[in-house]
Amino acid sequence: ELSHLQIKSGNLKYLIEEKIAIAAEAQLQAERLNVSVESLEYKIPSKQAKLDGNFKGRSGDGGNYFYFTGQKGVWDEKAGRLKAEELTISLPWLQIQGQGGEVFFEKGTGNFKNIKLYSFCYIKARDERKKAEWQEIEVLSNRVEIGNRDELIIVHSNGKFELNGKGHDSAMQATGKNLCFNFNKQKILEKIRASYGYFKFIRKGGQEVALNGEEVEYETAKGDVFLRGQVLGLFKDYKIEADELRFNLQDGSFISSAFLMRCRPSFFSEKILLFNQEKDIYLSGEKITGSEELVLASGEVRVWQENQMLRAGKMNLSRKKANLFLEEKVQVNCSKKSGASGNKKIFLTADRVHFLFRDQRIQAEGRVAMDFADLGFQGPKMMINLDSADEEKLISLELQGASEVKWKEYLARGKRIIYQADKESLEISASPELITKEGHRVEAAKLTLFLADDRILVENREKERSKVIIVGGK
């Protein structure tokens, strides 16, 4: 028995000159430390104990004990360090093991402050709470370091890792590099971080979410997964490539920047006007936020499918009602069937454009301009009405407010302009006016241009006359 420790053994000898105690089937007891070992050699001057064969022990105080086992170790009392060729650390909720490792002890409490494992590392954490998101986490890695600061446990895995998690109704699989995760004072897993990480979450029923990024951070309580750098997210109904992505596992909401998004038809409850319901729709822009109900995007937004292309500064898209609203420098590039002449290209610009699926109508407002075949429209407000039985077919165009339309050498103005696709006619009313390129003008109660046969009908109210101005010399 020494002043600072005890060695107990049925077979103990002491070398006086060397000041070495040698014991078999020994027990080493120091302050808050108890170790049982097959063979022990303790050097009094250096305060080092060589532990040959298998050993096991306990350290700590109060309710903060931890247990350890290992092979071929050295206990350095001065350094407060246990070093071994094989080492396993056990707490009620956490198990750590590896080949080649060190444990550094806190003076006074006997608890560990740092654990280092150098190869073939295995970690298993358990959370038996009913509301725990992950009841079990297992990690395989080549190198692991565990820090303990005021009962906050932080685990670092240098190099490559494999992680598996089990929850009440879900599973998690992850690979990558430089894994880090931490537990709070209640021994609850709070956050997982990794570089070049690939995380797959599998819900009960087989629904999967796969997330990949150069940097990954997962807040388990909130269900938020934040990814940076060459991000790829694969979901049931869509796919996102982006610089950054924040996805919530609990409600399915997401925020992404510098994104390219591919939406499968199942992403929407109803059809989006202009687009084929059986094919994927693509979105891109600077920022996007989404939920089960709504998708918002901003910054050079593009929405497209094959030859249909929409551009805008901002987008508001309802996943349930399939209504799409674009604003800020909106451009619409598409084609529709019109009359007997077949498909005609549409190029529309406006400040705001609504795509209303249930009404089968596109509504544009604010500095509206549209090129449609050989017609050019301008006005403050336009409605494009489509056939409810065949969305590819145009029924009519209607401009409201002070508007104009160019056709061949004619310029027609009025506060209401209607284009009827089946008749290929233009009706101009509410102060209508027709001007030729030579400057001739016609004013009447109503003007109708029949485009197919180059015919113009001038109509007046009863007892009114048309006003015709012929430019001299023309």
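**Cavity and pockets**

Mentor: In this predicted model, there is 1 cavity of 30 Å³ or more. The volume of the largest cavity is about 40 Å³. Its lining is formed by Phe268, Ile272, Phe275, Ile281, Leu283, Val303, Leu317 and Leu324. Sorted by class, this lining comprises 8 nonpolar residues, with no polar and no charged residues.

The open spaces may now be considered. The largest pocket has a volume of about 460 Å³. It is lined by 23 residues, and those closest to its centre are Gln207, Phe247, Asp251, Gly252 and Glu292. The largest share, 3 residues, is contributed by E16. By class, the lining of the largest pocket contains 8 nonpolar, 7 polar and 8 charged residues, whereas the lining of the largest cavity has no polar and no charged residues.

The second largest pocket has a volume of about 280 Å³. Its lining consists of 15 residues, and Glu31, Trp75, Glu106, Lys107 and Gly108 lie nearest the centre of this pocket. The classes represented in the lining of the second largest pocket are 4 nonpolar, 6 polar and 5 charged residues.

Key: Residues are numbered from 1 along each chain as its sequence is written. This is a predicted model: local features need pLDDT of at least 70, side-chain atom pairs count only at pLDDT 80 or more; totals for chains, interfaces and linings use all residues. Side-chain values use heavy atoms; hydrogens and water are left out. On a 1 Å grid over the protein atoms alone, a cavity is a set of points where a 1.4 Å probe fits but cannot get out, and a pocket is an open set with protein on both sides within 12 Å along at least five of seven lines; lining residues have an atom within 4 Å of a point. Grid points are joined across faces, edges and corners, and a volume is the space filled by probe spheres set on the points. Ala, Val, Leu, Ile, Met, Phe, Trp, Tyr, Cys and Pro count as nonpolar, Asp, Glu, Lys and Arg as charged, and the others, Gly among them, as polar. Helices (H or I, at least four residues) and strands (E, at least two) are DSSP runs, numbered from the N terminus.
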